[in-house]
Amino acid sequence: MSGRGSAALDELEWDSSEFMSGIALKFLEVFFDTRVFTTLLVGILLIKLLPTTDPILGMGQIKKPRFAPRSHVYSTDLKVVVGSDTGPDGRTRVRGNVCGRQVWRPQGKVVELPPFSAAENMNAGDKLFRHLVLEGKALPPPRNKEGDVEEALKQAVEFYKLLQSEDGSWHGDYGGPMFLLPGLVITCYITGYNLGKSIKEGMVVYLRNHQQYDGGWGIHIEEGSTMFGTAMNYVALRLLGVPADDKACVEARTFIKHHGGATLIPSWGKFWLAVLNVYDWRGVDSLPPEMWFLPRWFPFHIGKSWVHCRMVYLPMCYLYGRRFQAKETTLIQAIRSEIYTVPYAHVNWSNARGAYCKLDEYHTPSPIIRGINYLLSWYECLPTLTPLRKNAIDYVLEFIHADDLETNYCSIGPVNKVINMLCVWVNDPNCQEYQEHIQRIEDYLWVAEDGVKMQGYIGSQTWDTSFAIQAMIESGLADYAPLQATYKKAYHFLTEAQNLKEAKDAHKWWRHAQKGGWGFGTASNGYPVTDCTAEALKTMLKLEEHTTCSGFPESRFQDAADFILALQNPDGGFPPYERCRGGDWFEYFNPAVVFGAIMIDYSYVECSSASLSALQLFHKRFPNYRADDIRRATARADEFIRSLQYKDGSFFGKWGVCYTYGTMFAIEGMRNAGASDTDEDVQDGVQFLCSKQRPDGGWSESFFACATRRYLEEESSQVVPTAWALLGIMKGIQGPSSALYTTEWAVVKKGIEFLMRKQLPTGDWDQERISGVFNRTCGITYTSYRNVFPIWALGLYKTLSPKDL
């Protein structure tokens, strides 16, 4: 290079270096400017002060229930009716597909049920339903040989198939939450709808049965007393006709006043009490319907929130916007005088707004939502000056009507079901929409030996049926003659339960894809779910592959795969209902206090495992349909699942209890994504499960693991977590070298022996502790799990275990 060129290059390098140094100096000058630096420090401090978006409770914050050693004998004339196409009057037709529909109606003789004692077990055993379904049927005989796995399996299967309905579905108690029934009772009181003597008496029995030693109720049947649970259920008792001087009411009132009175009920409770006119709207944080008029690009829009969240706050903001309150009655005046620590006229509603009892706290309201609520309290001075409030109320009502039609007046869940019903009545007490809602109330009710309860959904029919059939087929019983009719009926039900169309005006009403999906219960609900779709799709594919069932159109299989693929989140995982439309920071706007993870549709290990497993099974049957999309979706879901593994090898489940449930799903997902039995993550999961086996061969995980984020055990081993652990271990070591896992198979053998010891002479198992959970804090009952998962574990053991074990 010439000297001139070299000099030019040196000069250029010098100029470049000087330029970069200038930029760096300018950046430092700006960064350390007093105003900028102070702003950054304050911002960082504020972020640090914000509560976590996913709280973890300490052991001292656990609220365990305490029940007095009492028992009640419940007698009722209520009987289950499956597939009814009418409302409670037996004449008025209901909208939508009724295949699998379950309702309870008074008819025939009164049945006296065995005594129920919450002190012994908070969970009912579904004894009424099983008594009614099994009446007149021959139960399988007791086993001849103790310790014979095949005999235990067939006895269990022979028993459980007797519980299948003629339309092919299985049913069971999906109760547990204690905050659902009061909303229905309040709505019926306001609108004047009579639930009937048998239903109301059963509800009173249920509330008495689950009242705790201190006079209160929790948010669900296995949680200690809270203000939310107690105030709501106290009001329900009074509206159901229980006098104020009744022992149950006196004890509940004592609890309420001892803990500060009903002004400290959390926000959902404040809403219900305000609607009933035993609380003033001035003590409720603003729920402006105008929030639906924010532009769609707005970073936080209520339409981008989790569907269960937005569909609850939708009708809430309608009633808030109208400031609706029930007509004042003598009973309402009495309740006002009973639930506060000062006379009703002296309650300071400004102080009550945003206040709550510490017993209820799970998700501490962030400074952000508190600040917004403060600003909105001033905003509430404006709506009377502009037409915006009226226009927003009209929009919300139109939205409610559209959702009611789309869900055949079932709604997505029990909370917004009854608020929607109240909204249409408030708009017009004589409207047809209100009558349509009445016909679907009974879809949410269930009756057991502990009384009449409101379920968390219109049933779990698709979920339970899918698992039951997969358990039987994977047990090597596809050709078992006594099950052929069972398979055909289940195939019929699942064919009927699939969603066949997209929601009308989906974009306008913030709806996602639904065609091809299956929901949790029946098709009428109209809200399909990824893992429900995945389990139903796997079931239909296995039925056609292994049994004589056939005829399901190829296009409908493809619709199911399309639905699953459409919902994969950017993080690679799968959510329940819709692709996530927001970020974790949405939880800073969570106003509920009692629930966590309600603001967006998060990805979950269970949904991700089920979805990728279904896609892989679909790909095996239809290798040319969207093969690249399925390959990419599987790889991303597998990576997402692995990212959730803890150092001890476990995975945290969010819809079941808890580490056992999540680890079982994760192992199955990784194996179906292509992992071998020697995969490190798979083996870590297997070793975690093995390490938690108890001396008697069983496993026992407590519901409280969900909120504390640590593995906690119940006092005794339980059937359901034992079956989950066994399934996870066996699916993890399944393969050509399976026989080499002698230590793991010894663990499994001991667990199988535990299941057989716990099996009843009929082939059934007892109902034990709660096994389902949602939103971190609320337990929910699955009575089918005590049958399905032990069957699955016994069957897989019979199929996979080494012969010389």
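Contact here means heavy atoms within 4.5 Å. I'm working on a predicted model, where local features need pLDDT of at least 70, side-chain atom pairs count only at pLDDT 80 or more, and totals for chains, interfaces and linings use all residues. Residues are numbered from 1 along each chain as its sequence is written, and side-chain values use heavy atoms, with hydrogens and water left out.

**Domains.** I looked up the domain bounds, which come from an automatic or database domain assignment: domain 1 is 175–454, domain 2 is 459–644 and domain 3 is 649–800.

**Domain 1 against domain 2.** I found 43 residues of domain 1 in contact with 34 of domain 2. Their centres, taken over C-alpha atoms, lie 32 Å apart. I then checked buried area (the accessible area, 1.4 Å probe, that two parts lose on being put together, summed over both). It comes to about 3600 Å², with 63% from carbon and sulfur atoms. On the domain 1 side, Arg296, Trp306 and Glu406 lose the most area to domain 2, together 20% of what that side buries.

**Salt bridges.** I used the rule of a side-chain nitrogen of Lys or Arg within 4 Å of a carboxyl oxygen of Asp or Glu. It gives 3 salt bridges across this interface. I also noted that Arg310 forms a salt bridge with Glu578, with the closest N and O atoms 2.6 Å apart.

**Helix α16.** Helices are DSSP runs (H or I, at least four residues), numbered from the N terminus. In α16 (residues 432–439) I see Tyr434, Glu436, His437, Ile438 and Gln439 buried, meaning under 20% relative accessible area (1.4 Å probe, protein chains only). These buried residues pack against α5 (181–191), α14 (388–406) and α15 (414–427).

Methods:
Buried means under 20% relative accessible area, exposed over 50%, partly exposed in between (1.4 Å probe, protein chains only). Helices (H or I, at least four residues) and strands (E, at least two) are DSSP runs, numbered from the N terminus.
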